[in-house]
Amino acid sequence: MDKIKVGLNSSFETDVKNEHLASRYGSGLVDVLATPAMIALMECTAKNAVDLHLPVGYTTVGTKVDIAHIAATPLGMKVTINAELIKIEGKKLVFKVEAFDEVEKIGEGIHERYVINSDKFMDKINKKGK
């Protein structure tokens, strides 16, 4: 955990594809980037900001999102997601996340993740179903 520092960041670019559309997600009836798809991209980008700095056997899990989706993006347009680690509270990591399309900012907010030991986490979850 010594390598996890405020300021770590990551960016991700992709084109809006059919699987990202609100009409496909079931979150709307129009062919624009779905809010849940944008949030998933934000979570993944935040995860990527710290993954390489975690000890072997550790990862992070998303626990909270506070996101505003402020502009629509059409099929085929490029989106860029940025995530920056802004606060560390023990195992809790707090990220500022933003999304842009080729024209404007389309989303922003805060995303929280927790550092976990993958094996211990899965052992606990697997016992839950028994």
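**The sheet and what lies against it**

Mentor: Ser10 stands opposite Ala83, a residue of strand S3. This is a predicted model, in which local features need pLDDT of at least 70 and side-chain atom pairs count only at pLDDT 80 or more, while totals for chains, interfaces and linings use all residues. Residues are numbered from 1 along each chain as its sequence is written, and side-chain values use heavy atoms, with hydrogens and water left out.

Helices (H or I, at least four residues) and strands (E, at least two) are DSSP runs, numbered from the N terminus. Two strands are said to pair if DSSP finds at least two bridges between them.

The 5 strands form an open sheet with antiparallel pairing, in the order S1-S3-S4-S5-S2. S1 and strand S2 (58-69) are the edge strands, each pairing on one side only. From one strand to the next, the twist averages 25°; axes are lines fitted to C-alpha atoms, for helices over the stretch in contact, and angles run from 0 to 180 degrees between N-to-C directions.

Let us cross the sheet strand by strand. Strand S1 (residues 9-15) runs antiparallel to S3 and is joined to it by 7 bridges. S3 in turn pairs with S4 over 10 bridges, again in the antiparallel sense. Here Glu89 stands opposite Lys92 in S4, and the hairpin of these two strands has 2 residues between them, with Gly90 taking a positive phi near 65°. S4 and S5 run antiparallel as well, joined by 9 bridges, and Phe100 stands opposite Lys105 in S5.

Two helices lie across these strands. H2 lies across S1, S2, S3, S4 and S5, and runs at about 140° to S2. Helix H3 (residues 118-128) lies across S2 and S5, at about 85° to S5.

In soluble globular proteins, nonpolar side chains tend to be buried together.

Beyond its neighbours within four places in sequence, Leu93 is in contact (heavy atoms within 4.5 Å) with residues including Ile4, Val50, Leu85 and Arg113.

Arg113 belongs to strand S5 (residues 105-117). Arg113 counts as buried because its relative accessibility is 5%. Its side chain makes a polar contact with the side chain of Thr60 (2.8 Å). A polar contact is a pair of N or O atoms within 3.5 Å; within protein, one must be able to donate a hydrogen and the other to accept it, and residues adjacent in sequence count only if both atoms are side-chain atoms.

Technical notes. Buried means under 20% relative accessible area, exposed over 50%, partly exposed in between (1.4 Å probe, protein chains only).
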